[in-house]
Amino acid sequence: MFSLYVSKIRVDLLGRPFQNSLILGVLAIATATLTLAINLQVLSNDSWEKSFVATNGAHLWLFTPGSNLDLATLNTLPEVKETTGAVPYLKEQFLVKNNIRYGVSLFGFGAIPPTVNRPLIAEGHWLEPNSPNQIVLDLSFARNLHLQVGDQLEFEARDKSHLKLEVAGLAVNTIQGIYPDTTPGLAYVLPSTLDKFEPDKSLWGNAMGIRLVNPNLARAFLEQSQQLLKSGFGWYDIQSVKDSIEASIRINAIFLGLAGGFALLVSGFLVAGAISSSLLARSREIGLLKTSGFTPGQVLRLFLLEYLILGLVGSLIGLTLGSLVSPFFQSQAISLLNLTPEVTFNLLLLSGIFLAMEAAICLFTMLPSWRVARLSVVEVLNGGVGRVYRRPSRLAGLALRLKMPIAIVTGVKEYPPRAMLTALSLVLAVVTTIFVVSTQSSLSWLTEAAFRGLPYDMAIFRAKVSDSQTQLIIKTYPEIENYFTFTERPAISGKTEIVARAVGGDYQKFPFSLVEGSIFSAPGEAVVGLGLLDALGLKVGDNLKLDLIPFPPGSPVKTINLHISGSYVVTNHAGKVVIFGLDTLKLIEPKAEAISYGLKLATGTDKERLRQRLLADSSGNFDISLSSNELPEQVKQVRFLVTLLSGILIISGLAGLVNSGLIRIREQYRELGILKAVGFTPLQLLLSIGCNTLLLTLASVLVGLILGLVVSRTLFDILLGHGLGLLPGLDWLLAITGGTLLLSLMTAILPGIIAARLKPVEALRFD
Amino acid sequence: MEIAIEANLLTKTYPAAGKPFSALQEINLKVFGGEFLAITGPSGCGKSTLLHLLAGLDRPTSGQVLLKGRRIDHLSETELAKLRRKEIGFVFQFFNLISNLSVAANIELPALLSHTNRLEVKRSREKLLRELGLADKTNSLPSQLSGGQQQRVALARALVNQPTLLLADEPTGNLDSTNAREVLELLKYYHIQGQTIVLVTHDEKITQHAERVIVMRDGAIIENFYSGKQFDSYRKEV
């Protein structure tokens, strides 16, 4: 019996090269999509925890502004499991690139990095001993500024002298959040390099990362440390970093996870559609096998073996393809998710995917073949499970009544239920496309400078110039149409760290993007970032009590009570920003002055030239930054990845459509022969097939559009806040509909040509 | 009398391993307008192949087919399709109706393809259904009809354009004797109305309904005679 199976399978596999190649192709695409989807899912799942474990992250960081405090004495406490040791650092040094200064904190790690919070190298290498000209950059900082290993970077020291350092490597760490959501950027140098920036060691800071025996007792440990050190120090626990990183990567992780999830479903539908259609088209063959004495069980085993062999080859091709493509997606996702760079070839995962594919093939082979094998021989030979119509096609009737050409009338027939699998994969592809388009436009909208809480064209930070002098200088420039003033204070509410921004001047003339409520109009009123509202569980109309972090440390804490008059979207500092009038700040700090100035420039102003003139007027004492509407690199990357994945899904959906079309040609071979015999021209047959495909696509696209809009709206409401995010306009919906219909018509060309070229005599003889 | 269709030295050869298989060998045949011709012979003798070539459903290896004096064997696929829908009606052994279209839509199909006025198509269809005794089955599906009824619908579809030639390939081969008799009576009825008919059958009894009979064997015509009264005189001529 086994040899009979072997010879029959051999004949089937070699004797039907076209159909088998088609199924093989679909299985390979489905497996590749599945491999990619699962790889992305695995990456985006619990990415923070993975990074924290891989870096052996610290539960607590302590900072002292000067180097006079010996943090290392804390090592002796029994609650301490291990520490980074005291690490010297310099805050707010400046990297100069294209005449723009970017703030960066430099950590003086040794040539052997600490075991706690050890930076994990993504590219290049760690700092070499005796190489004070090397620097290792935080991966998110480097990606955002397009910096690469080997680049020569220019830094500005406190005394305005310039230093050159070479990028030795890029590293991932969990010391702080992702740049630019968390600023300044982060970089590691040897302690000897810090000397070059600031020879006066008393001006260095000291930091220490601590892993605690019981991380839940961090607060008690802090109090104990304060008593031991008998002096003030800054601190933050890992929860705030985790919150910040998770806020930054949340949208990326969800977008990638969703795209992966869609891909997973599409691959399932592809496999189910391809195999069940192919098997049902072979129902007459099953009847003949039964006539020759095959039992239903033997028929089942025969087809199972045959499709498992096809599945084996298809899955291996798909796994290879998926494994080749995945590293590209993974390496992009690493910086998007602030992951550790260890992406390894996961044999267990690949084996799992292979087994899942073979299981799916088993299921989708067993169901239809068992269904056919159970029918009586006569039933099968007289048409098998071909559709028995119980009423005339309503669509065809409608087309007739509408006096459509007869070729269209014959094309507009209802699809059999199994074609719904193809339709579903197409629906998913359209849903993904809508989601991608919504994401694209929403991300652009959300990252507009005004929306990011930077409603100005240029900002001045005055260093050694007085407020009045700065305003005098600004007023001499006619191209500066308006300006508002602001100053920031680090603040805290409960355990949540907040940036408090006091605003003065003509701020009403600037496009602060309010989501709800109104801008502050009286002292004590404030507008709050959505991230902060979420974090504190507040809403517009509530009150907010804010403690300004004392400076210098040890001075008394000042508290402001604010009434929330409105909310706005701000993407930096994880949205944990509150803005209020300078007059409000003056209630507790009567001498408070603006330190920064947001400028609105006349259209067509040469910003770089203006910047140079302002610098000259201030004798180089202004720090000037330009706000840009350009998308942050991170956003560009996630857009690119999701778009690419959506493209793959659409191709998969269309592959299913071609497959379904070809299988249907085979099923309708005899009917096409009849049409040709009664006088259909090749062109009319092509039209009939095209119309048939178009109908399925149109139905799928309509369902996909509605579902896509609902899914996108719901996800944006959850991810961004109620009513935020942009859904595609009518132009986009029409373009998606038109594009998908056009592509599906193209997929109908091959089946259509086969139909148009068939010989009626052969078709009428076809069983 | 005008010649409806004519075959000159018609040959059809199929490629086969070793020696090509010759299905038809230099067939010469004339069918006159209004004639009822039956082609008979054992299975595999080439009678269906000949019918397919006359209908333009297949192309000859060599030789000519002329419909009302016009060569049709070298026409393009599109030209052949247009010719089939207007000039040739075809009835198959297995009815070959479109399963998801109603009886009415199946019958109207060739007429609508020929861009005949829809009102006229409806009138023709209603007339044919009345004649064929199917007036109450207009909206039924093929699967809801008996074999005999399905074949009558197929006959109506073949006649709706009032073709020059009605070709029938074993039209009773899939029917019981009662239904077979009914279909043959209908063919005779349309023949009396002036319809030219060429019928292929392996059943000698059915040939008695035709005016003229051709007997084929191994791809060649071996007998050509008039049945009934004409039989003896014609046989002597051959």
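1. The model is predicted: local features require pLDDT of at least 70 and side-chain atom pairs pLDDT 80 or more, whereas totals for chains, interfaces and linings use all residues. Residues are numbered from 1 along each chain as its sequence is written, chains are lettered from A, and side-chain values use heavy atoms, without hydrogens and water.

2. α3(B) spans residues 103-113 and α4(B) residues 118-131; their axes lie 10 Å apart at an angle of about 130°. α3(B) is therefore oblique to α4(B) (under 35 degrees is roughly parallel, over 145 roughly antiparallel, 65 to 115 roughly perpendicular, the rest oblique).

3. Residues in contact (heavy atoms within 4.5 Å) include B:Val103, B:Ile107 and B:Leu112 of α3(B), and B:Val121, B:Arg125 and B:Leu129 of α4(B). By class, this contact of α3(B) with α4(B) comprises 7 nonpolar, no polar and 4 charged residues.

4. The axes of α3(B) and α5(B), residues 147-159, come within 7 Å and cross at roughly 30°, which means that α3(B) is roughly parallel to α5(B). Among the contributors are B:Asn106 and B:Pro110 of α3(B) and B:Val153 and B:Arg157 of α5(B).

5. The structure holds 0 disulfides over all chains (cysteine sulfur atoms within 2.5 Å). B:Cys45 is buried at 1% relative accessibility, while A:Cys362 is partly exposed at 22% (buried is under 20% relative accessible area, exposed over 50%, partly exposed in between; 1.4 Å probe, protein chains only).

Note on methods:
Axes are lines fitted to C-alpha atoms, for helices over the stretch in contact, and angles run from 0 to 180 degrees between N-to-C directions. Helices (H or I, at least four residues) and strands (E, at least two) are DSSP runs, numbered from the N terminus. Ala, Val, Leu, Ile, Met, Phe, Trp, Tyr, Cys and Pro count as nonpolar, Asp, Glu, Lys and Arg as charged, and the others, Gly among them, as polar.
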